Amino acid sequence: MLNEFLENKMSEIKNAGLLRRLRLISSNPGAHIIIDGKEYINFSSNNYLDLAGNREINEEAARAVQKYGAGSVSSRLVGGTFRVHEELETALADFKNKPAALVFPSGYQANVGVISALVSKNDNACIIMDKLNHASLWDGAKLSGARIFVYEHCDMSSFESVLKRARGYNFKLAVTESVFSMDGDLTPLKDFAQLCVKYGAVSMVDEAHSAGVFGKEGRGLAWALGVEDKIDIIIGTLSKAFAAQGGFACSSKKLIDFLINKSRAFIYTTALSPAICGTALKSLEIVKKSGDKRRHLSVMSERLKNELNEAGFNTSNSRSQIVPIITGSIENTQKAAEFLYKNGIYAPAIKFPTVPEGSARIRISLTAGHNFADIEKLKNLTQKLRLSKSV
Ligand SMILES: Cc1ncc(COP(=O)(O)O)c(C=O)c1O
């Protein structure tokens with residue numbers, strides 16, 4: 001019964017060209033990786049500051065494991081809160097210029113845990129979402145059971161019309177990402193924050209892909225635009241530029257206390273490993289000092305986008321280290337990814353449902369570990385693809 005059910009479901013996935021499989025990487029996830037014994041330029045990871053495998057971080061991780069052990073073996077409220085959780089939360093709150101912070105075992109859980117705790121269909125509350133928000137934000141919104149309004153991607157006039165339509169709700173939570181994970185484009189956060197204030201909406205911004213990369217000391221896009229104090233809730237993850245693990249929410253002390261009491265994704269799970277907290281503290285220290293890496297990343301991102309655009313590729317509206325090459329159909333995208341892979345570049349095909357139907361793409365994720373020769377090779381190969389009319 002189960003086998004038959006699974007075979008049918010898997011055939012549906014396969015026939016739609018949407019079968020996913022895991023690739024086994026046998027090196028650290030830096031800019032150059034080993035898969036099946038062969039070296040590839042890796043454009044797949046969110047290791048934006050090239051901190052995966054950093055010696056100082058590794059040493060700190062080893063010290064932290066020695067000190068605390070590998071796991072926390074309890075939920076935070078039961079017996080799993082260590083001094084190092086508090087230290088990390090204080091440091092993250094300071095990083096985001098907010099009074100308080102709370103860490104979760106992952107960024108996914110932070111988003112699901114914050115939204116579903118704050119919004120409930122019983123409070124005449126609603127959620128207002130950018131159409132292209134990350135799956136974790138959508139899952140939190142759906143779990144809340146509240147009415148969800150959607151506005152066009154990064155379009156502030158569409159956002160304003162939705163805010164007007166939502167006027168009758170007592171509590172409105174407006175949610176966006178600062179740098180979008182699959183398009184690399186930016187929410188105009190100043191306008192977003194102003195509109196939230198104008199229409200009485202609580203603002204929540206997920207800085208997963210901008211923390212470490214944008215703003216002074218990598219404090220994020222809200223900081224870079226001088227609006228971090230206008231955003232009510234800032235979400236981040238330690239799993240990308242920080243090369244560690246875990247998610248966090250920064251906000252007022254009241255909101256953090258509320259989450260400790262109400263967020264099921266926080267309450268009913270084992271605490272983030274204290275060893276990882278120690279590691280993340282070291283990462284945070286290094287992230288702040290990584291100005292040269294940020295500059296290198298920004299120069300390379302500009303260069304790659306310009307060259308791809310000159311060669312006629314659609315890189316959406318990317319203004320960050322995430323550069324999509326929109327290839328449209330699943331078939332084209334798959335072909336392009338396979339061609340790159342055969343030629344020593346690992347840049348995975350991103351398909352529905354991760355991105356909307358018809359907008360499949362190769363997602364290039366640049367890191368400070370890449371060099372100009374890497375992007376030159378990518379450019380030359382994509383040009384070959386273009387000449388062969390594959391994309
Ligand atoms: C925008 C965004 N938010 C949240 C997450 C989830 O973070 P984590 O990988 O730490 O669970 C991701 C990434 O996967 C993301 O792209």
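What follows covers the helix contact, then the sheet, then the ligand shell.

This is a predicted model, in which local features need pLDDT of at least 70 and side-chain atom pairs count only at pLDDT 80 or more, while totals for chains, interfaces and linings use all residues. Residues are numbered from 1 along each chain as its sequence is written.

Helices here are DSSP runs of H or I with at least four residues, and strands are E runs of at least two, numbered from the N terminus. The axes of α4 (residues 107–118) and α5 (residues 135–144) come within 8 Å and cross at roughly 30°. Axes are lines fitted to C-alpha atoms, for helices over the stretch in contact, and angles run from 0 to 180 degrees between N-to-C directions. That angle makes α4 roughly parallel to α5 (under 35 degrees). Residues in this contact (C-beta atoms, placed from the backbone, within 7 Å) include Y108 and I115 of α4 and L137 and L143 of α5.

The open sheet has 3 strands in the order β1-β2-β11, with mixed pairing; strands pair if DSSP finds at least two bridges between them. β1 (32–35) and β11 (345–346) are the edges, each with a single partner strand, so one side of each lacks a neighbour in the sheet. β1 runs antiparallel to β2 (residues 38–42) over 4 bridges, and I33 stands opposite Y40 in β2.

Around the ligand are 13 residues, with S106, G107, S181, A208 and T237 coming nearest (C-beta atom, placed from the backbone, within 6 Å). α4 supplies the largest share of this shell, 3 residues.

Terms used: Angles under 35 degrees count as roughly parallel, over 145 as roughly antiparallel, 65 to 115 as roughly perpendicular and the rest as oblique. Two residues are in contact if their C-beta atoms, placed from the backbone, lie within 7 Å.
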